[in-house]
Amino acid sequence: MDIDQDKLHDFLHRFVGDLGAVMAAGGIVVGERLGLYQALADKPQQPAELAERTGTAPRYVEEWLRGQAAGGYVEYDENSGVYSLTAEQAFALTDPDGPLYAPGAFQLALGALRALPQVTAAFRTGEGVGWHEHDEDVFIGCERFFRPGYTAHLLTDWLPALDGVGAKLNSGARVADVGCGLGASTILMAQAFPRSEFVGSDYHEGSIAKARSRAADAGCDDRLTFQVASAQTFNGGPYDLVTTFDCLHDMGDPLAAARHVRRSLAPDGTWMIVEPFAGDTVADNLGPVGRVYYSFSAFLCVPNALSQDGGYSLGAQAGERPIRELTAEAGFTRFQRVAETPFNIVYEVRP
């Protein structure tokens with residue numbers, strides 16, 4: 001067998017990087033849960049000082065810091081033996097309510113990997129693995145993974161891109177947030193538009209329980225309700241706006257969901273579809289973002305869709321064309337791409 005040594009070394013370099021990233025994911029979540037990043041953001045510190053400030057064991061913290069420095073998540077000064085965070089590292093690692101929060105993504109990844117036995121079996125049988133069957137870190141990590149993007153863009157970019165929707169929300173509209181999970185998107189909108197009423201729905205009862213608690217904590221549960229219902233069965237309406245955030249591709253019967261959205265909308269209503277960023281072909285998606293989404297999709301999105309009635313899966317990298325075709329088949333006549341970020345695309349759909 002002829003082996004190109006340069007190509008082999010390139011592959012080994014990728015392998016080592018991936019192996020380090022897999023193991024580093026646990027360290028990142030540990031660092032967040034123990035408050036190590038937050039404490040290190042205050043000032044540069046020796047391992048012993050950081051351990052004392054966080055109530056942790058110095059030897060563990062020392063090894064954790066070394067690994068974090070090797071991965072580029074903290075800085076190390078060889079002369080003083082001091083570790084620190086740059087402003088950029090602190091921005092991404094210490095503020096769970098900010099527009100970028102890396103630990104949430106790793107929490108989601110580790111939670112998804114706990115389903116390895118079930119997903120392996122599903123590969124053999126073709127059966128699904130329901131969202132509700134996953135570890136709790138999947139539900140919480142998913143919300144923490146997507147919420148920063150919603151915080152950064154939903155109110156300032158995405159909703160303003162929809163024709164006439166902002167005025168309706170300001171004057172008083174009725175909104176359904178379908179597949180709302182823990183309610184991050186629903187609560188953001190309810191807080192921003194006090195004259196409007198919001199209904200969040202999700203088939204996962206545990207997520208809806210958390211969403212109700214969070215709405216109460218946010219002080220907007222007087223005009224925000226949550227219901228346990230699928231995308232094909234949520235009730236209420238007619239709605240001026242229906243939203244689906246990063247969930248249409250998870251549905252086992254997305255066409256039935258689209259038809260139900262169509263029936264639930266007011267004649268001049270709008271459906272805002274937010275989906276993971278993707279091109280229309282596999283080749284379009286062979287990059288870092290596509291790799292992340294394909295990997296999550298194989299463990300979460302496709303198994304969840306195949307566990308539901310319909311047995312059909314768009315997958316997290318479906319792209320624009322199948323979503324456009326889906327909405328047309330459901331009876332919508334207007335479809336346009338109105339906004340995008342490196343991680344999401346936003347579509348405006350109308351009857």
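Here, buried means under 20% relative accessible area, exposed over 50%, and partly exposed in between. Keep in mind that this is a predicted model.

Q: Is R66 buried, exposed or partly exposed?
A: R66 has a relative accessibility of 41%. Exposed would take over 50% and buried under 20%, so R66 counts as partly exposed.

Q: Which residue forms a salt bridge with E62?
A: E62 is partly exposed, at a relative accessible area of 24%. The closest N and O atoms are 3.1 Å apart, and the partner is R66.

Q: How many residues apart in sequence are the parts that D137 and R33 tie together?
A: The two form a salt bridge, with the closest N and O atoms 3.2 Å apart. D137 lies in helix 8 and R33 in helix 1, so the bridge ties together parts of the chain whose separation in sequence is 104 residues.

Q: Which residues are linked in a network of salt bridges with R33 and D137?
A: D137 counts as buried at 12% relative accessibility. Its side chain also meets that of R114 in a salt bridge (2.9 Å, N to O), and this pair links helix 8 to the loop between helix 6 (102-113) and helix 7 (116-125). Along with R33 and D137, the network takes in R114 and D135.

Q: What is the relative accessible area of F15?
A: F15 is found in helix 1 (residues 5-33). F15 is partly exposed, and its relative accessible area is 42%.

Q: Where is A173, and how far is it from P194 in space, C-alpha to C-alpha?
A: A173 sits in the loop between helix 9 (165-171) and strand 3 (174-178). It is buried, with a relative accessible area of 7%, and it touches residues including K168, R195 and D240. A173 and P194 are 21 residues apart in sequence, while their C-alpha distance is 9.9 Å.

Terms used
Residues numbered from 1 in each chain as written. Predicted model: local features only at pLDDT ≥ 70, side-chain atom pairs only at ≥ 80, totals over all residues. Heavy atoms only, no water. Helix = DSSP H or I, 4+ residues; strand = E, 2+ residues; numbered from the N terminus. Buried < 20%, exposed > 50% of the residue type's maximum accessible area, 1.4 Å probe, protein only. Contact = heavy atoms within 4.5 Å. Salt bridge = Lys/Arg side-chain N within 4 Å of Asp/Glu carboxyl O. Lists of a residue's contacts leave out its neighbours within four places in sequence.
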